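Let us take a walk through a protein model together.

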Amino acid sequence: LKWNKNEYRSLLKEALPQYGVTIFNILLARFDWILIGILSSTLVTAEYSFAYKAFEFIRLPLLIISPLLLPMFTNLYKDGNTISLKRKMKLHLLFRIEIVVSALLPILIISCWSPLVDEITNNKYGHTNESIFIILCICIPLQFATDFFWNICFARNQINITLKIVLYSGCANILLNLVLIPLYGGIGAAISYVVCFVLQFLLFSRYAQADKAIQNIWLLVKVIGCAIIS
């Protein structure tokens, strides 16, 4: 092995934005638990933690789909940051399908949440944290949409933009948690989480595909609205 200080420094500098994204995503996923434990009661912390773990289970398809999409996006943008109109239409169709599918699983789980979880947990959870779980489920389509545009930014080598967006939304999440948890407990933490991903989606949509930003936002609003009505 040949040590080369300048090459290793260059490697770390190039990887630094991705380090930042990873760290802030971990912080975003766990900081609300810490604040609830400090600012609220043990019961509220337990109810929120249970609802959040169930919410993480619903995100499982996203963890499967995202790595599969990344090579496709990288191939699309291998010749530069601009793609043909035909490819743009295909991407928009993929976005529509992904968002619609992402709303179906939360609807299914929410429909049977209280009776199912109350039966499994001997009435400890279920009805008591149903509102928290429903609010968190709003994030499922938002996270699918955000991941879609994150893949585009990654394929276009816009990691610095990704880091800035995650940094802004992470700070907003922390501030909202500090305000809303003392007032509303677990529901406040869930609202903060949703607002954070709304901000991420708006920023990613703006920087990843500026020409279709309004169209994507309107589509997401319609899908979430239909899911809430359902």
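A residue is called buried when its relative accessible area is under 20%, exposed when it is over 50%, and partly exposed in between, using a 1.4 Å probe and protein chains only. Before we use these words, a note on where the values come from. This is a predicted model, in which local features need pLDDT of at least 70 and side-chain atom pairs count only at pLDDT 80 or more, while totals for chains, interfaces and linings use all residues. Residues are numbered from 1 along each chain as its sequence is written, and side-chain values use heavy atoms, with hydrogens and water left out.

Let us begin with aromatic rings. Rings of Phe, Tyr and Trp (its six-membered ring) form a pair if their centres lie within 6.5 Å; the pair is stacked if the planes are under 30 degrees apart, edge-to-face if over 60, and tilted for the rest. Searching the whole structure gives 16 aromatic pairs. In one of them, W3 and Y8 are stacked, with 4.8 Å centre to centre and 15° between the planes. W3 counts as exposed at 62% relative accessibility, and Y8 as partly exposed at 41%.

Another pair, F149 with F201, is tilted, at 6.0 Å centre to centre and 50° between the planes. Here we need names for the helices: helices (H or I, at least four residues) and strands (E, at least two) are DSSP runs, numbered from the N terminus. Because F149 lies in helix α7 and F201 in helix α9, their pair ties together parts that are 52 residues apart in sequence. Are F149 and F201 buried or exposed? Both of them are buried. Elsewhere, ring pairs link W33, Y48, Y52, F55, Y193 and F197 into a cluster.

Next, look at T162 in helix α8, which covers residues 159–184. T162 has a relative accessible area of 1%, so this residue counts as buried. What does T162 touch? Taking contact to mean heavy atoms within 4.5 Å, T162 touches V21, W150, C153 and F204, leaving aside residues up to four places away in sequence.

Now for empty space. Rolling a probe the size of a water molecule over the atoms shows where such space is left. The search runs on a 1 Å grid over the protein atoms alone: a cavity is a set of points where a 1.4 Å probe fits but cannot get out, while a pocket is an open set with protein on both sides within 12 Å along at least five of seven lines, and lining residues have an atom within 4 Å of a point. Grid points are joined across faces, edges and corners, and a volume is the space filled by probe spheres set on the points.

The largest pocket holds about 510 Å³ of space. Its lining is made of 19 residues, and N25, R59, L62, D147 and F197 lie nearest its centre. Two or more lining residues come from each of α1 (5–39), α3 (60–76), α7 (139–155) and α9 (186–208). To sort a lining by class, count Ala, Val, Leu, Ile, Met, Phe, Trp, Tyr, Cys and Pro as nonpolar, Asp, Glu, Lys and Arg as charged, and the others, Gly among them, as polar. In the largest pocket this gives 11 nonpolar, five polar and three charged residues.

The second largest pocket has a volume of about 230 Å³. Of its 13 lining residues, P106, I107, I110, A227 and I228 lie nearest the centre. At least two residues come from each of α4 (85–111), α6 (130–137) and α10 (213–229), and α4 gives the most, with five. This lining has 11 nonpolar residues, two polar ones and no charged ones.

Our last stop is about charge. Side chains of opposite charge can pair when their charged atoms come close. A salt bridge is counted when a side-chain nitrogen of Lys or Arg is within 4 Å of a carboxyl oxygen of Asp or Glu, and the count comes to two. K53 and E56 meet in one of them, at 3.5 Å from N to O. Both residues sit in helix α2 (residues 42–58), three residues apart, or about one turn of the helix. E56 also forms a salt bridge with R59, where the closest N and O atoms are 3.7 Å apart.
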